[in-house]
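Keep the viewer open as you read.

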Amino acid sequence: MNKNNCTGNYLTEKVPIKHLLLIMRTTFILLFTCVFCSLAEFSYTQNANVTIDKRNASLKEVLNEIEKQTDYLFIYNNEVNTNEKVTVKAKQKAVSDVLSSILESKEMNYSMEGNHILLSKKENTNSEEVSTALAQQQKKQITGTVVDQAGDPVIGANIIELGTTNGTVTDIDGNFILTVQENAKITITYIGYLQETIEIGVANSYSVVMVEDLHTLQEVVAIGYGTTRKESLVGAVSAVTGDEIASVHSTNVTTAISGRLPGAVVIQATGEPGLDDARILVRGRTTLGDNTGPLVVIDGIPGRSLYEIDSNDIESISLLKDASASIYGSQAANGVILVTTKEGTESKLVTYSFNQGFKTPTILPKVANAGEYAQYISDYQDYEGLARLYSDEDIELFKNGRDPWEHPQTDWMGDLVRKWALQSHHNLSMSGTFDKTRYYASFGYRNDEAMYAQESTNYKQYNLRLRLNVPITDYLNASVSYGGFLTSRKYPTTGSYYLVGWATLVVPTEPSFWPTGEPGPDFESGVNPVVNTSFDAGYDIQNNYKNEITFNASFKPKRIKGFSLNSFFTYDVYNGKNKFFKKPWTLYFADWDSAIRDSEGFITEMNLIPRQRGLETPELTEYSNNSIRKMYNVNANYSKDFGKHTLSAFVGFEELSENSSGFDAFRKYYISDMVQTLDAGGDQDKDNSGWESIYARQSWIGRLNYDFNDKYLFEFIFRRDGSLKFPPNSRWGNFPAALFAWRASEEDFWKENLSFIDYFKFRSSYGQMGMDPGAPFQYINKYSLAPGMTMGTNKVVNTKIYQSVIANPNITWEKQSTFNVGFDSHILNRLFHLNAEFFFNERSDILSPRDASVPSYTGLSLPSENIAIVNNRGFEVEAGFHKQINSDLRIDINGNMSWNRNKVVFTDEPARSVPWQVRTGHPYGTHLVYNAIGIFKSQEEVDNYPHWSGAKPGDVIFEDYNNDGVINADDRILIDKTDAPELFYGLMFDLNYKNLAISIQGQGQGDYFKSVIEGNRGIGQNVFKWMATDYWTPENSNTDVARPFHRADQYWSYLSNSNTYWYDNMAYFRLKNVIVSYNLPQKFISSIGLKNVNIFASGYNLFLIHSKQRNYDPEVGNPQTYPAMKTLSFGARIDF
Amino acid sequence: MKKYIIKSIFIICITSVFLSSCTDVLDQSPVDSFNEESLFQDINLVEAFLYQCYDVIGGDREEVLGMREDLLSSATDELLNIHRAGQVTFTKGNLTPDYLGQFGDWRLGWLQWDVNYLNIKNVNTILGGIDDVPVNTEEDTKRIEQIKAESYFIRAFNYTNLLRSYGGVILIDKKFNLDDDFTTQTRATLQETLDFILRDLDKAIAGLPLKGQIEQGRATKGAAAALKSRLLSFVSGELTNGGYESTNPLVSFQGDVRNQLLTQAKNIAKEIIDGKYGNYQLTGTITDPPSNMSEEEVMAYAENYASIFLQKGEWNDEVIFGVQYLNRQGNRVRNNLYWGPNGYNNWGNNEPTEPTVRQYEMKDGTPFVWDKYNQGEMNVRAFTSEQLESNPELNPYNGREPRFYATILYDGAPWRDRASTNNKVQIGHTMTVAGSSLIGEDVSGVMDKVESMSASLIGGNDSRSASNQAWNGTKTGYYLRKMLDIGIDGELNNNENSWLEIRFAEVILDYAEACIELGEIQEGLEAVNMIRNRAGLPDRPLDVGQSQAREWYRHERFIEMMAEGDRWYTIRKWMIAEDVIKDFSPIYIYHFNDGTSVYVYNTETLADARTFNKANYWLPISRDEVNKAPQLQQNPGYN
């Protein structure tokens, strides 16, 4: 056991914030994490005066006092005994004078470097022990320089001779001088960096490069309304750095966190540009319905969007999973995601980064080709005794492709999709300090194109982020931040469901394009997916403009130490404009009579007749909406140390109000499609409408932290929210929480017996939080306006009033109780880490209608009432291996796994005819279906097992679940795991070798059953390849694939006979992300005037390592929608 | 020190400005709606709420009432719903409390238990609150009385739908509250239900204005009277008078009330015919048609009949109650798209069946006889072009009565122009070989030979072998023409022709039925002849017995009301569902290059397999509803 392992112990007796300031100067990562920096003082009052009156106080106390009164920061190692008692009486004396008088008698030196004061022991007063050693062994003086990876000096690093107390600290230039024994080893430690050990050889001078420790306990983690260090964290919080998110190079932040934030289940349902944000479930779900998304808080402002934010602007992301989320009260029950953005650095930094991505679908659903389809349909018709649609000659021609005019072999999906689509992302940021004002400014541009072969869909985003921290006086600071987003989505007029879904449905025996290149006829209503992806049919442009402005002021009176009064006011303006312009498009139809045929009868030439399809005249609908959100917060912080006791308190008041409105207008009968504005449309059939809505919330927020001797950490949270949504008597809700953490590894017994576990913190928490889904004013019977009946001989559409809300006069919050226990640990000198969480949640008062009790004959449409209960339990485990093999090579392996299962405890469920169909007790979203237990392989099998009337060999066998000899509705069973996977996991491997870094991430999910609605096929609609391959026929009876069928066949009716044959397991494990990056050598870079250049190549969604089915992407889980994309990208990041 | 204080005060001031400016943000009112108190403070709002009641008559804002993608008539022998045959549970024998299919969902929304009761609640809200509306002028008082009468009409309309589907039901005349006890209401008997509706109807008839004195589309005296006729006609049939579960008072009257009901039915119909509730007439002429009509004359009669269902603006005197549609705003329908031939890029639903098509008489009033020219061969008609030239009626679609041409799209029927072909519906297939060898073959002989010639088959543009949207092609061999507007391209535009919920012909037929059942044969058949004459058919002789008269009358009602939904009620009322809900096959047509044509009723395959379950004479109350209200007695035959 190495005694010198506790990096922090030399320095942590100090106020951490000021040390962070120091760290900031030299490190990137930690620079931005500390929101408190914005509150810290920046007036460098050189030679400041202090007033101290202390008798027999410890040196530590005095130093603390000086730090508080000035901007000086003390740096010293453990040779300096700060527990020595001193007496000081100074009134407006210079710091240097005070120090001189104290330290003179204490055999200590001090030196002032900028705002740092280094304390050291006087050289000639080494202890006797050392003197003896000196006498026995050769001594040698070494010098050295300690720098970070960027080449900047590391100030105040501890240099210790291993096995002794002999040591020193580096000076302002990172230099040190130390006399050590020959063949000694020295260790260099510094907060935020990995410990370095050097063997002293013949050389007298050593240069040490320190490597950032990405897993430091000093890392600052954002929690609600504040930050804390990891070691002081009391709640269950997962965190990921902005750099890590930015390095993923996925299209947006929601997908980038997949597998990187334990506890977050991330499911991307589509890869369509502009719509590809993932569904995020924090610890699964604990409620009914669709209101499952976590609260997203960006820089303290709740309810902002994770989709548009530029990953380069993110400093860190935290996920509050347990009672620590209670501080967000009424909106916290689905978990809270906190995003902290970057702010200005002390030294000037200009960074440009770009990446160019190439995207291709991970898996395109495979459908039958023309020959297979014709064969399938013919086998169906033969089996059913129906007239054939295709003769054997037709089938042969569809198979051999000899006759492209009359027997085309169309690959619709192939014609729809191009091999590679482009995506690019640029970001330019500037950061620095100008005349004490720190600034951060960033401009980002993102372009994301669709996979369609025709010119079509794209998503463009421009974002601007600006942050100024302005110290007005040394006790008053202000900051302004601005986030501006301009997003532009351009889509074809047909949704991707039709484009992609129908490309799997359209029969391959019809031409997408004629052999001469003209687009072929439509499927139905103008649908030719290949043509519909282009803008020939018009366009759907959605432009959104977001302006988010926050003013922040912080008041820190010098007189009341540890106290600050802060406020912010934020004003968000969102504008949306949507222009939906449709026009007829041209498709070409065969004129068979004009066909010219060759000697074998095959068409060689033919006239095609162009026809306008889709609609009669151009139509335009414009939508416009805007919303304004105003929020302000006033809060006070106070913290004080009482010896071993530390107390801090936070109290705040917050108010949010929102106002949204919108309108839309429609015209058609455009004379020409040249002018595409509303006024150019005809007067007839024009239409318009509008809407308006409001929302407001007020909150009281409080938090109390008590910390005894850094061992026992207590946190109490209280929030009281009032919402406009609820009636006065149930408007206010209280959300308390209590959290406790115990750093057991600080206990003596632990150090004596379990010292191989260097760090162990046990945490537990219990809290209540809420959710306020649904529209405001559900407590009032609401009557709304809508267009009603067409009345009168002149056909006037009367405006009608209808009851839009049936009042629930007692409506209030959903309430969630959350219980969590967990621990964080570091093992074997931080070679391993292991964290685990176990939780149990119960949500009550979930809004749900009283289905079982109020019959329909009352005519009452039921309001949702606070009656349902759902619980959820699970665990998360996170483990890692971290090894600095030598100063050039480092390996990190991290894995995380989350599992949860929810259970519907109570809904007002109507009585079910059989007990196994009762949904209460099952997880949410369970499906009621017949259990398909194979297919009837022969008539004998049909005869020997109960079956629906009309069952034939080759049909699916529905299980006779209750063994009553009849297949009826009672035989349906519930299948679980249909809402989201219960198990979600990620595995990361990072390797750093000199300037090279490689990061590999695997990500996966457990069992998750989805119905892929493929039953709706047959004649006129193509079938999937797996359905058209090795299917049952009288000749091929030994197979698991059912016989050919048609969707209208009653036996195969998807709606009435939904069964597990159509369900697939979406469990998978995939190579999610590989990143290779390289820092160009410093020599080369500096010669062209750059600070740092990092080039990288990355791959996202690379391939499936394991998957229960491979017909389509298991994450998307739907073959009829825009697929997930595999992205290969390269790029660079240049620091000027 | 002073500086601190001043600045602290400054900050406190700023924050308190924030605080004070917005303390009432939680006490705002909705900005986009009215509350219940305001509803009954303004007669205009009450009237706007009444429009909602009119709207919910049909179940939802669009597609109000019967003219929908799926017609109720496809639950009878008239039509086939090709896209959702499995959900037409009435003809599949699988209509149970667990699965009602279309009878429990929005597709037949106006029949739904839930929707009818929802609207009854709406009406009860109006009737419960309207007396509180402040009255300023005499005009207001009149409007209130009219709105009340309209409300009674709408409630009666909903209850009539419920009675005709479920029998005796729960009767509610007040608004429920959520905390009421829902376990005490039980189903009223059929008699009580009838009496309840009749009371509403009498109030409606008394309070409503005549047509022309109120906006078209709202209830009138005539509409209320015709609804009364419809109701009384239904309850005077076999089904409710001991024909089925005679001892169950929920579905059958107890005691012999039939003659009394028939008399009531006859009287109200007579009063309407006599003009007591407004002037109603059959469209066109009711004088005897010329004998041996030319094709033009037949088509003129056909167009007259078709025009009834294509009224877009002001309704003529045949219309008693209906719903108007607009291309874009308000209520919308797309019947041209839903029902039209696939070759026109339409969806081909609701296809007339061959057995029903054979019911259409010849233009001289004689029955159509398939085997007229080849006795005993009920499935094949084959002829050469020469034979056809000498006897055009060899083609089964030649020489039929006018309503056939107005109602059915058959192979060769004239329809919209289309670019690639012509303006005729092409259901039959073209064969590029000679076909005279098929003459004389039976079904299997024809089908075998056609199969051997399949390489030379070119699928009809509007068939299931079409190159265009074959899956929408006809399964029966026909498309429905009634209510389709040849003037619009269904693929691109909505229909604007009104749905006629109640038309005068129905009242005349109700009258005829009541008379015939009461033994007043001559009066009854005279009414039937009005319908026939208007359609261009000669009179039936009046001196026949009751059963012949009944047969003729039922035939006439079948043909006249084809596809309008009426038959779902009549086959139940007359208890003939088990006779007419039967499997049927498609008609296949082949035109050979030597001029031979072959029409095959292909009995080797089915167009639709059908089963009738006697319990389905009344709809079951859904399992969910019975579970919520266990006191609800289920209809007979269901568990």
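Two strands count as paired if DSSP finds at least two bridges between them, and strands themselves are DSSP runs of E with at least two residues, while helices are runs of H or I with at least four, both numbered from the N terminus. A word on ground rules: this is a predicted model, where local features need pLDDT of at least 70 and side-chain atom pairs count only at pLDDT 80 or more, while totals for chains, interfaces and linings use all residues. Residues are numbered from 1 along each chain as its sequence is written, chains are lettered from A and ligands numbered from 1 in the order in which they are written, and side-chain values use heavy atoms, with hydrogens and water left out.

Now look at strand 39 of chain A, which runs antiparallel to strand 40 of chain A and is joined to it by eight bridges. Put together, you get an open sheet of three strands in the order 40(A)-39(A)-1(B), with antiparallel pairing. Strand 40 of chain A and strand 1 of chain B each have a single partner strand, so they stand at the edges with one side lacking a neighbour in the sheet.

How many residues of each chain are in contact across the interface? With contact meaning heavy atoms within 4.5 Å, 100 residues of chain A touch 97 residues of chain B. The two chains bury about 8500 Å² between them, 59% of it on carbon and sulfur atoms; buried area here is the accessible area (1.4 Å probe) that two parts lose on being put together, summed over both.

The rule also finds four salt bridges across this interface, each a side-chain nitrogen of Lys or Arg within 4 Å of a carboxyl oxygen of Asp or Glu. Arg731(A) and Asp27(B) form a salt bridge, with the closest N and O atoms 2.7 Å apart.

Finally, the rings. A search of the whole structure turns up 78 aromatic pairs over all chains, where rings of Phe, Tyr and Trp (its six-membered ring) pair if their centres lie within 6.5 Å, and planes under 30 degrees apart count as stacked, over 60 as edge-to-face and the rest as tilted. Trp750(A) and Phe760(A) are a stacked pair, at 4.9 Å centre to centre and 25 degrees between the planes.
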